[in-house]
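Dear colleague,

My notes on its pockets, sheets, cores and backbone follow it.

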Amino acid sequence: MYKIRNIDLAESGRQKIQWVRKNMPLLRSLEDEFSKTKPFDGVRVSISVHLEAKTAYLAKVLAIGRAEVSVTGSNPLSTQDDVAAALAKDGLKVYAWYNATEEEYKEHLELALGYKPNIIIDDGGDLVNLLHTKRQDLLPHVMGGSEETTTGILRLKAMEREGVLKFPMVAVNNAYCKYLFDNRYGTGQSVWDGINRTTNLIVAGKNVVVVGYGWCGKGIAMRAKGLGASVIVCEIDPIKATEAVMDGFKVMTMDKASSIGDIFITATGCKRVIHGEHYKKMKDGAILCNAGHFDVEVCVPELEEMACEKKEQRKNIMGYKIEDGRWINLLAEGRLVNLAAGDGHPAEIMDMSFALQALSAKYVLENYEKLGNKVIDVPEEIDKRVALMKLKSWGIEIDELTEEQKKYLESWC
């Protein structure tokens, strides 16, 4: 039923889950709804998302809707062992532990799929990839699923273009209520939570280099500015670069920024955006970290090769000494700094994203036969429902069109 580090940690995990539950009113509303309607009765759901308290509460909400839930992590350093223990103690199928080796991580993914899932909730695309490669025998059971993050959407789109995607996947990451809030405000805050708790250094007065100015990069840059940093943006997209300038940030190539920056944060979804040529120019004490899903944006192998000495400076900070005496510091092994060195996005933000996930899973269950084997958008009615639920949780009401106004607008369509 489970493969975790230590079941005796369950009480600590329960406390964390109870705390986020109190601060996730949208999921609480769906918990109440699903307890009555039982929309997932007899349905098997496999989840691979960063396994911390907010994800655990999503899993519990689906289980309350009568789903048979199996859970694993989507990053070896983001799993919290006490949260995994709490889920296992409550009877869910859990396969994950902190700091899993690559082999253990893959084993956990396979174990989570071992129950022949009907619905997949993925973060980064590892479950879907496994289903299309090593575990194709499970494909007949899969109705479809949903994807949480940008990297996973890119992988899914590539599969769709190649004609190999075998079931529909909802691009939760592309919903307005996801990227406008989770990617911008969630990543913006949680990345700095991870950096600040790990380094215990001031941000004000430092030069912060944000590599990538998508919605995550926008949030990171905005929060860096609020903390008093001078922000530099590196981009390959001329439109996003222009936007960054108009948002008040300096824009330059990574080649130029490498000698100026004090803190470097990657958020591109691409590989090797910081590498050996950049390390040669960096200041003594420069700090590197990554906010993208996979640990390929900061090229760690080249840093390892250049270093004449390697030393852990403090927890989650590895220092690399270069031949000329400079030290370059890497946070959380170049993995997602907000989760590998923190607790991830704030509960109120993930409340919106996971409400989208829960409702998208229900949508797939009800409509999979007519969706086709492709990447689909979150239906507008679900996106707007989540926004209205969020406003209601704040006690906010908004205007509605009158019938006269509706007819006026329809006349222009």
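**Pockets**

The lining of the largest pocket divides into 20 nonpolar, 20 polar and ten charged residues. In this classification Ala, Val, Leu, Ile, Met, Phe, Trp, Tyr, Cys and Pro are nonpolar, Asp, Glu, Lys and Arg are charged, and the others, Gly among them, are polar. Please note that the model is predicted, that local features need pLDDT of at least 70 and side-chain atom pairs pLDDT 80 or more, and that totals for chains, interfaces and linings use all residues. Residues are numbered from 1 along each chain as its sequence is written, and side-chain values use heavy atoms, with hydrogens and water left out.

The largest pocket holds about 1,100 Å³ of space. A pocket here is an open set of points on a 1 Å grid over the protein atoms alone, with protein on both sides within 12 Å along at least five of seven lines; a cavity is a set of points where a 1.4 Å probe fits but cannot get out, and lining residues have an atom within 4 Å of a point. Grid points are joined across faces, edges and corners, and a volume is the space filled by probe spheres set on the points. Of the 50 lining residues of the largest pocket, Thr150, Cys216, Ala267, Thr268 and Gly269 lie nearest its centre. Two or more lining residues come from each of H3, H7 (150-162), H8 (176-199), H9 (215-226), H14 (337-340) and H15, and H8 gives the largest share, with five. Element names follow DSSP runs numbered from the N terminus: helices are H or I runs of at least four residues, and strands are E runs of at least two.

The second largest pocket has about 430 Å³ of space. Its lining comprises 20 residues, with Glu102, Tyr105, Lys106, Leu109 and Asp126 nearest the centre. Helices H5 (102-113) and H6 (126-132) are the elements that give two or more residues to this lining, and the largest share, six residues, is from H5. By class, the lining of the second largest pocket has six nonpolar, five polar and nine charged residues.

**Cavity**

One cavity of 30 Å³ or more is counted. The largest cavity contains about 40 Å³ of space, and its lining includes Thr72, Tyr95, Trp97, Tyr105 and His108. That lining has six nonpolar, five polar and no charged residues.

**Sheets**

Two strands are taken to pair if DSSP finds at least two bridges between them.

Another open sheet, with mixed pairing, has eight strands in the order E10-E9-E8-E11-E12-E15-E14-E13. Strands E10 (250-251) and E13 (307-314) are at the edges, each with a single partner strand, so one side of each has no neighbour in the sheet. Five bridges pair E8 (residues 207-211) with E9 (residues 230-234) in the parallel sense, and Val209 is bridged to Ile232 in E9.

**Cores and a covered helix**

The largest nonpolar core has 58 residues, of which Leu30, Ile47 and Leu62 touch the most other members. Helix H15 (residues 347-367) gives the most to this core, with eleven residues. Apart from it lies another core, of 29 residues, among them Ala221, Val231, Ala244 and Ala267. A nonpolar core is a set of buried Ala, Val, Leu, Ile, Met, Phe, Trp, Tyr and Cys residues joined through side-chain atoms within 4.5 Å. Buried means under 20% relative accessible area, exposed over 50%, and partly exposed in between (1.4 Å probe, protein chains only).

In helix H4 (residues 81-89), eight of nine residues are buried. Just after H4, Gly91 has a positive phi of about 95°.

**Positive phi outside glycine**

Asn200, in the loop between H8 and E8, has a positive phi near 55° and counts as exposed at 60% relative accessibility. Asn316, in the loop between E13 and E14 (317-322), has a positive phi near 70° and counts as buried at 18% relative accessibility.

With kind regards
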